[in-house]
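Subject: Structure for your review

Hello,

Please find the structure below. My notes on the ligand sites follow it.

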Amino acid sequence: MSLPDSVRLFEMSPRDGLQNEPGTLVPTATKIALIERLADAGMTHIEAASFVSPRWVPQMGDASDVMTGIQRKEGVTYSALTPNLKGLESAIAARVEEVAVFAAASEAFSHKNINCTIAQSLERFEPVMARASEAGVRVRGYVSCVLGCPYEGDIDPERVAEVAKALWELGCYEISLGDTIGVGTPLKAKRMLDAVNRQIPMNQLAVHFHDTYGQAIANLYAALEEGISVVDASTAGLGGCPYAQGASGNVATEDVLYLLEGLGINTGIDLQAVIDTGYWITAELGRTPGSRVAQAKGRSHT
Ligand code: HMG
Ligand code: MG
């Protein structure tokens, strides 16, 4: 067994965490404060917003204000989702340095999420990649439903590998593999990673586990054993997907940090600062953190 010496954590709470928040819109100032607190805790990669249609995802309608409002910290990448050229142009205007395009390994999910087929989405990304390259903006790629789809059920790992390879060949610097509805288990995750790794080097892959069935930490450990060293996670376990009913948030950042610390794997992130941020943001939203580690340790009383 060989585990990575260090892990790069990609924080999702401002985007994946808040995009599905029911009820009233989360104030822009709260989002900005969240992002700044995460950066202060030592995060180096934060998905801060999403330049999607506000009719589809109202909670992300203030993406430009969020991106231009944050006090940017040296050494921190603040990225945003951009499903098409319109989104990318708005992101560039808001001085975003890194964006992400998102495709799915399931046709049905692709339709529900971005209103087109997988092939159409990949075509749509071509001009996005070209414009991003011209503007000096790095592009990450997501594949959704890599371990199962809410509409199609099981997904063939070869299908995941095909879509991941297409995004990689378009020029995405890293492909994040999303268990959108959190149905995966470790053996399934390993098989999927093996299939994708036959096409793309492991150091250009990331895992993006949602925790609906409580398997995300186990899946993550399996992925680390496979050589994965980039992990998406969401403080307090915030989130869900608007097009995957019942799906819960990403694996909680606090739980990931506790696991990694126990394995002697370095992230450079202050666990207690993240726990405190999780208590703060969930209080703003009227609940308590979904992280087991946050519940066990509690907030600091300084
Ligand atoms: P569409 O309706 O097919 O697009 O939506 P359209 O091009 O026909 O445009 C319709 C309207 O949307 C027009 O406005 C456009 O201007 C506007 P109208 O003329 O009717 O007033 N529009 C936009 N507005 C702002 N920003 C844009 C934009 N594009 C068009 N970028 C579209 C297609 C892709 C836009 C839509 O389906 C959409 O926004 N989908 C986003 C869905 C989404 O955000 N899902 C959640 C994120 S993905 C996820 O969570 C998974 C992930 O976490 C990984 C995992 O867990 O698996 C990443
Ligand atoms: Mg997600």
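Which of the 27 residues around ligand 1 come nearest? They are Arg55, Asn113, Asn115, Ser144 and Thr180; a residue is near a molecule if one of its heavy atoms lies within 4 Å of it.

This is a predicted model, where local features need pLDDT of at least 70, side-chain atom pairs count only at pLDDT 80 or more, and totals for chains, interfaces and linings use all residues. Residues are numbered from 1 along each chain as written, chains are lettered from A and ligands numbered from 1 in the order written, and side-chain values use heavy atoms, without hydrogens and water.

Ligand 1

Polar contacts here are pairs of N or O atoms within 3.5 Å. A polar side-chain atom of arginine 55 is 2.7 Å from an oxygen atom of ligand 1, and for an N or O atom in the side chain of arginine 15 the distance to a ligand oxygen atom is 2.9 Å. Valine 52 places a polar backbone atom 3.2 Å from a nitrogen atom of ligand 1. On its own, ligand 1 has 1100 Å² of accessible area (Shrake-Rupley, 1.4 Å probe), and the protein covers 75% of that area. The shell around ligand 1 has eleven nonpolar, eleven polar (Gly counted here) and five charged residues (Asp, Glu, Lys and Arg).

Ligand 2

The magnesium ion has the protein donors Asp16 (OD), His208 (NE2) and His210 (NE2), at 2.1 to 2.3 Å. Donors are N, O and S atoms within 2.8 Å of the metal (3.2 Å for Na, K and Ca); water is not among the atoms, so sites may look incomplete. Along the chain, the donors follow the spacing D-x191-H-x1-H.

Regards

Definitions and conventions. Polar contact = N/O pair within 3.5 Å; in protein donor to acceptor, adjacent residues only side chain to side chain.
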